[in-house]
Amino acid sequence: MKVISLNENKNRHIFFSKKTFITLRKDYQLYLFLLPGIIYFIIFHYIPMYGVQIAFRDFIDIKGIWGSPWVGLKHFERFISSYQFWRLMINTLGISFYQLAAGFPIPILLALMLNQTVNKRFKKVVQTVTYAPHFISIVVLVGMIQMFLSPRNGFVNVMLMALGKDPIVFLAKAEWYKTIYVLSGIWQGAGWGSIIYLAALAGINIELYEAAKVDGASKFQIIRHIDIPGIMPTAVILLILSLGRIMNVGFQKAYLLQNDMNLKSSEIISTYVYKVGLIEAQYSYSAAIGLFNTIINIILLVSVNRLAKKLTETSLW
Amino acid sequence: MKTISIKRSREDIIFDTMNYFLLSLALIVVLYPLYFIIIASISNPVAVQSGKVIFVPVQVTFEGYKKIFEYKDIWIGYRNTLMYTFLGTLINIFLTMLMAYPLSRKKFSGKRVVMIFLIITMYFNGGLIPTYLVVKNLGLLNNWMVMVVVGAINVFNVIITRSFMENTIPEELYEAATIDGSSHFQYFFKVVLPLSKAIMAVLALYYGVAHWNDYFKGLIYLKDNNLYPLQLILRGILVQNDVSDTMMDMEDAERRQALVELMKYGLIIVSSIPVLIIYPFMQKYFIKGVMIGSVKG
């Protein structure tokens, strides 16, 4: 008896404890479940993170990541001092803040209004229709924008001309780019965005509404004093998330909507990274710009989250 | 039956009127462009060009659709996208379910570490070029597999699937199964999968739509036209106005351009048909999906 327990004790020090061993044996199947996913994330997410170091090297294809010489912050300095830098920053931030300021409140308003609609059938119709554009692809959306805004025969300009105004070549005018980008985004996403607020509204205690009605509250007062506080935590979380993505204006739509005439206000960091990296094959420079972008995003996310925690007691972590 | 009946105040009547008015306005703003595409696609192109098509189609013609059917590239793209969507979604769902199951087990020791491992990738990534280099080194450039392998698992979807399993599959089932001598493997395939149909429908919807609409991966990783997904072909025609001349050998340049425009309207519809068909059936699922997702991060 004694010998066995001694052996066990010894094992515990050399190897791992019996308890860990048992849980590992019991859980080994669970690790097998995770294996394919973990391999996927290592290959397509963690290896590229490791590959980020080419931003600090002069990448030479035949020498690979390891063999290419270190150059420190050269590429970052080049980017920050390039004439493109401020333009890219201003365009990226400009589109993003414009999008946030115009697009963030609209799903909330839509949800509040839908929630107060007594006629269920009408409510259902509005929901079905407003969700639909979410499923349209970006390519089709941009195709539609081009057709509708066409100076000769797009219906927007046909209407302008019917009102006796001159047609506007919207997509060739840099000053229109951001508005087109943002408004089409609202058209496509507002309905879908409202779902999450409707879910939050559905979770509000019905007794609150009944009590308010007994007290003679108007619908407007109910929205102000019950609905809005009820969806506040959801709104704050979504706001933090969007502020944390402020530098990530989607490449896809920005790139498709771009043309030589509106480039002045449409070139953003992600489209620039693509052009410099994949079209001009300046891998290291492009990776440095991409990394610069990610770092700003993370700094933003962390500080906004901290601020939100302080002000509203809602936070991501 | 004791109902509290309260007279609608004047304020509420004003509110309701405004509410219906604004929602109707939103309805029209969203619906009209979609409706316009439909009527424009079957109208005489010249009438569309001169702004005569506003509420109803003018001089109905199916010429645009005829041209689309003759355009070979579109159908190659269609075939490719159908394949990428089907195969890709299948892989997505399988891998997501596999990942979510262990994370939903209460007593799984590696849970926290794996969650952190996943969440890091949501906020930090190597970026375009390092990812491109990995794909290149794996020999996946200009290979159809890149379309189904890159993006095989979405962390957000793993999280909602995990919450679904935690909240809807009772722990007692697992206990009963273990007493009967079932392993995690048997339990997963015989109990968890059959009980997860709702979340798999949600996943199919999320992943499927993403595959159907994806042009980015094709743009970056593919060179060969025969591998292009539909969206990349659409980009050529809709956005870059790139219609091969052999298709439209017409002397009259103006009429040719009008026909190309007509084709574009039809193409938008043709390319959206699969989504349009399943949309009514999936509506109840995506509301569910967002609700599950919003339960807790």
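Leaving aside neighbours within four places in sequence, Leu193(B) is in contact with Met97(B), Phe188(B) and Met200(B), where contact means heavy atoms within 4.5 Å. Leu193(B) belongs to helix 10 (residues 184–195) of chain B; helices (H or I, at least four residues) and strands (E, at least two) are DSSP runs, numbered from the N terminus. Between the C-alpha atoms of Leu193(B) and Asp252(B), which are 59 residues apart along the chain, the separation is 60 Å.

The structure is a predicted model, in which local features need pLDDT of at least 70, side-chain atom pairs count only at pLDDT 80 or more, and totals for chains, interfaces and linings use all residues. Residues are numbered from 1 along each chain as its sequence is written, chains are lettered from A and ligands numbered from 1 in the order in which they are written, and side-chain values use heavy atoms, with hydrogens and water left out.

Turning to the chains themselves, chain B has 14 helices and zero strands. The radius of gyration of chain B is 25 Å, well over the 19 Å that the globule rule gives for 297 residues, so chain B is more spread out than a compact globule. This radius is taken over C-alpha atoms, and the globule rule is 2.2 Å times the number of residues to the power 0.38. The C-alpha trace of chain B spans about 80 × 70 × 35 Å along its principal axes. Of the 297 residues in chain B, 52% are buried; buried means under 20% relative accessible area, exposed over 50%, and partly exposed in between (1.4 Å probe, protein chains only). When contacts in chain B between residues at least 6 apart in sequence are considered, 71% join residues at least 24 apart.

Chain A holds 16 helices and zero strands. Its radius of gyration is 27 Å, whereas a compact globule of 317 residues would have one near 20 Å. Taken along the principal axes, the C-alpha atoms of chain A fill a box of roughly 100 × 70 × 35 Å. Buried residues account for 48% of the 317 residues of chain A.

The two chains meet in an interface with 86 residues from chain A and 91 residues from chain B. The size of an interface is often given as the accessible area lost when the parts come together. Here chain A and chain B bury about 8100 Å² between them, 76% of it on carbon and sulfur atoms; buried area is the accessible area (1.4 Å probe) that two parts lose on being put together, summed over both. Phe33(A), Phe135(A) and Met147(A) supply 10% of the area that chain A buries against chain B, more than any other three residues.

Two salt bridges cross the interface of chain A and chain B, a salt bridge being a side-chain nitrogen of Lys or Arg within 4 Å of a carboxyl oxygen of Asp or Glu. One joins the side chains of Asp61(A) and Lys136(B), at 3.1 Å from N to O. Another links Asp16(B) with Lys219(A), with the closest N and O atoms 2.7 Å apart. This pair runs from helix 1 (residues 10–41) of chain B to helix 12 (residues 219–244) of chain A. Asp16(B) is buried, at a relative accessible area of 5%, and Lys219(A) also counts as buried, at 12%.

Over all chains, the whole structure has ten salt bridges. Within chain A, Asp58(A) pairs with Lys74(A) in a salt bridge whose closest N and O atoms are 2.9 Å apart. Asp58(A) lies in the loop between helix 2 and helix 3 of chain A and Lys74(A) in helix 4 of chain A, so the pair ties together parts that are 16 residues apart in sequence. Asp58(A) is partly exposed at 23% relative accessibility, as is Lys74(A) at 40%.

Asp58(A) is also among the contacts of Ser68(A), which include Phe59(A) and Ile60(A) when neighbours within four places are left aside. Ser68(A) sits in the loop between helix 3 (64–67) and helix 4 (74–81) of chain A, and is buried, with a relative accessible area of 2%. A polar atom of the Ser68(A) side chain lies 3.0 Å from the backbone nitrogen of Ile60(A), and one lies 2.6 Å from the backbone oxygen of Gly64(A).

How values were computed: A polar contact is a pair of N or O atoms within 3.5 Å; within protein, one must be able to donate a hydrogen and the other to accept it, and residues adjacent in sequence count only if both atoms are side-chain atoms.
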